[in-house]
Amino acid sequence: MQSDIAGSPAMGEARNGKAAYRPRTAIIGAGAAGMMQAIKLREAGLDDIVIYEKANEVGGTWRENRYPGVACDVPAHHYNYSFEHNPGWSHRLALGGEIQSYMLKVADKYDLRRDIVFGTKVTGCRFDGRKWHLETVEGHLDTVDFLVAATGPLHVPAFPRIEGLDDFEGAKFHSAQWMDGIDLSDKRVGVIGSGSTGTQLIAALANQGVDLTAFIRTPQWIFPLPNRRFGDMERKIVRAMPWIGRAAGRFYGWFFEHVFAEAVIKNGWQRKFLSSMCKWHLGRIKDPELRRKLTPPDEPLCKRMVMSTAFYPAVSRRNVEIVRDGIVRATEQGIVDQSGRLHELDVIIFATGFDARAYHRPIELTNARGESLTKVWEGQTGAHLSVHVPGFPNFMLVGGPHSPRGNFSAIAYSEAIVDHIVKVIKFCAENGYHSIEAKPEALDEFLQKVKSAVPSTIWISGCTNWYMDENGMPETWTGTPDAYREILREPRYEEFKLAR
Ligand code: N01
């Protein structure tokens, strides 16, 4: 029986005599979001859960990204679970390994491993009208009521298409697939890309004295946020009085979620302030030729802002060459640029980012009509509130299309999504609804809301970045994270088709 309801029935009561039930939920991915989803579902008493994780450890991004210099570009005290503040961070911008240790501690403290199936790559999920069936290449894996993709929006590495790359005789790998144990000290290393990853990697290798060629197609604006190491005494004080760390987290939360977010979405003092800071920072490069090479062609904030005070001094070192002439092809020996020059290399590292529309992929998701989500999203991705896809009942995403992608703590805004998902599942379980599906008109309205904010954003100034599509539609939320939290806070069940 299907019903379009207006308003929500009282929680905890089964309607029309239909019994409440105990739903089974599968979460895909044991990264920061998947772990949080499991913790919150358990807390709500929805403890028939399982997390499928392709790797053999938790941590997602922080397990995979092990390149030199890897760090979070959001201040650490703002990059924790709200319920697990870490007063012990060593740097303002926590280093990758330290965040991974935090993830491991949280997994242990909440005994998450008992619900995680490691080393299991889900390849397909099929809805039969009532339940989701999960598959691996070996065959059927599980049958669940609800399916949550906590696969992360940036998990599939993007590689550049460069003619002749297969002929290159040296080592080559993506920043997110670091070749553990490789010694770069006596190698000629080329790094392609200078986004948040490339900037951290280039600065770290440069400071290690590596013979480095940085191929920079488009320089980015860099906000001068120093990654200060906290002193021993300072850390002791914050450990003894954790409220200090929490207060710092709240300050950074305000700064990033308001100053940065509002600078992107409206032309106010925030934009002027951040722009002038970036321009001042660039102006500190003494060598005019290097400054010219590193001057971005677009406005600050067009791309997701890079945070660093280490990059400019690092690339001013004699062991670093910046190449702005585009890459034409690769050969056995290295990379040839537009000027015809061959840069001889032993190693090429791709800091070329990720497929920003991979979401659930490479998992093949199929609904009861046999339609694949990958196909449905071919023209335009879309999920109501970034979470629910019309036509795909009982499936929800954390970090789906049009969730915030700016300079914010992904942990902080994911918590709002995770809480929303808990409410939805609890509502269905308590009211005997076995199927919940966003109405297409609810998604249209959501996308309209996202789109209508675009004319006042920086993106109309002629930007290109990894989260805009060819039609100028951003793949990201176009309001503040607070506004996003607000639309998620109380699910509006009239926007869904519910069935028992
Ligand atoms: O990737 P990017 P990223 N030839 O897509 C260049 C998160 N992150 O991994 O601008 C030459 O930003 C490309 O050049 P262009 C964070 O959300 C978080 O750096 O396209 N160059 C660009 O310079 C971030 O935003 C942390 O011209 C090519 C670079 O590669 C997101 O990951 C730390 C090329 C790609 O930059 C992605 O950042 C690090 C080609 N064919 C990353 N193709 C945290 O601290 C691409 N490029 C949380």
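**Entry 1. Ground rules.** I number residues from 1 along each chain as its sequence is written, and I leave hydrogens and water out, with side-chain values using heavy atoms. Because the model is predicted, local features need pLDDT of at least 70 and side-chain atom pairs count only at pLDDT 80 or more, while totals for chains, interfaces and linings use all residues.

**Entry 2. Domains.** I looked up the domain assignment, whose bounds come from an automatic or database source. It gives domain 1 as 2–156 + 355–499 and domain 2 as 165–350. I then took the centres of domain 1 and domain 2 over C-alpha atoms and found 29 Å between them. For contact I use heavy atoms within 4.5 Å. By that rule, 45 residues of domain 1 touch 47 residues of domain 2. Next came the buried area, meaning the accessible area (1.4 Å probe) that two parts lose on being put together, summed over both. Between domain 1 and domain 2 the figure is about 4100 Å², and carbon and sulfur atoms give 56% of it.

**Entry 3. The five-stranded sheet.** Helices (H or I, at least four residues) and strands (E, at least two) are DSSP runs, numbered from the N terminus. I count two strands as paired if DSSP finds at least two bridges between them. In what order do the strands of the open sheet of five stand? The order is β4-β3-β2-β8-β20, with parallel pairing. β4 (116–117) and β20 (395–397) are at the edges with a single partner strand each, so one side of each has no neighbour in the sheet.

I followed the pairs one by one. Strand β2 (residues 25–28) pairs with strand β3 (residues 49–52) in the parallel sense over four bridges, and A26 is opposite V50 in β3. On to strand β8 (residues 146–149): four bridges join it to β2, again running parallel, and there I28 faces A149. From β8 to β20 I found three bridges in the parallel sense, with L397 in β20 as the bridge partner of A149.

I also checked the faces of β2. Buried here means under 20% relative accessible area, exposed over 50%, and partly exposed in between (1.4 Å probe, protein chains only). T25 and I27 on one side of β2 and A26 and I28 on the other are all buried, so both faces are covered.

The path from β2 over α1 to β3 is a right-handed β-α-β unit. Right-handed is the label if, with the strands pointing away from the viewer, the path from the first strand over the helix to the second runs clockwise.

**Entry 4. G29.** I stopped at G29, in the loop between β2 and α1. G29 is buried, with a relative accessible area of 12%. Leaving aside neighbours within four places in sequence, I list G34, I51, Y52, E53 and A150 as its contacts. I also took the C-alpha separation of G29 and R329, which are 300 residues apart along the chain, and got 37 Å.

**Entry 5. Helix α3.** Does the span of α3 agree or disagree with its residue count? The expected span is 1.5 Å times one less than the number of residues. For the 14 residues of α3 (residues 96–109) that should be 20 Å, and the end C-alpha atoms are 20 Å apart, which agrees. The buried residues of α3 are G96, E98, I99, Q100, Y102, M103, V106 and A107. What covers them includes α1 (32–43), α2 (61–64) and α11 (410–431). Just after α3, I noted D111 with a positive phi of about 50 degrees.

**Entry 6. Other loop residues.** N65 is in the loop between α2 and α3 and counts as buried at 10% relative accessibility. Apart from neighbours within four places in sequence, N65 is in contact with V70, S175, A176 and F354.

The loop between β18 (347–350) and β19 (364–366) holds P362, which a cis peptide bond joins to R361, with omega about 15 degrees. Y359 lies in the loop between β18 and β19 as well. Y359 has a positive phi near 40 degrees, though not a glycine, and counts as buried at 1% relative accessibility.

My last stop was N394, in the loop between α10 (373–376) and β20. N394 is not a glycine, yet its phi is positive, about 60 degrees. At 2% relative accessibility, N394 counts as buried.
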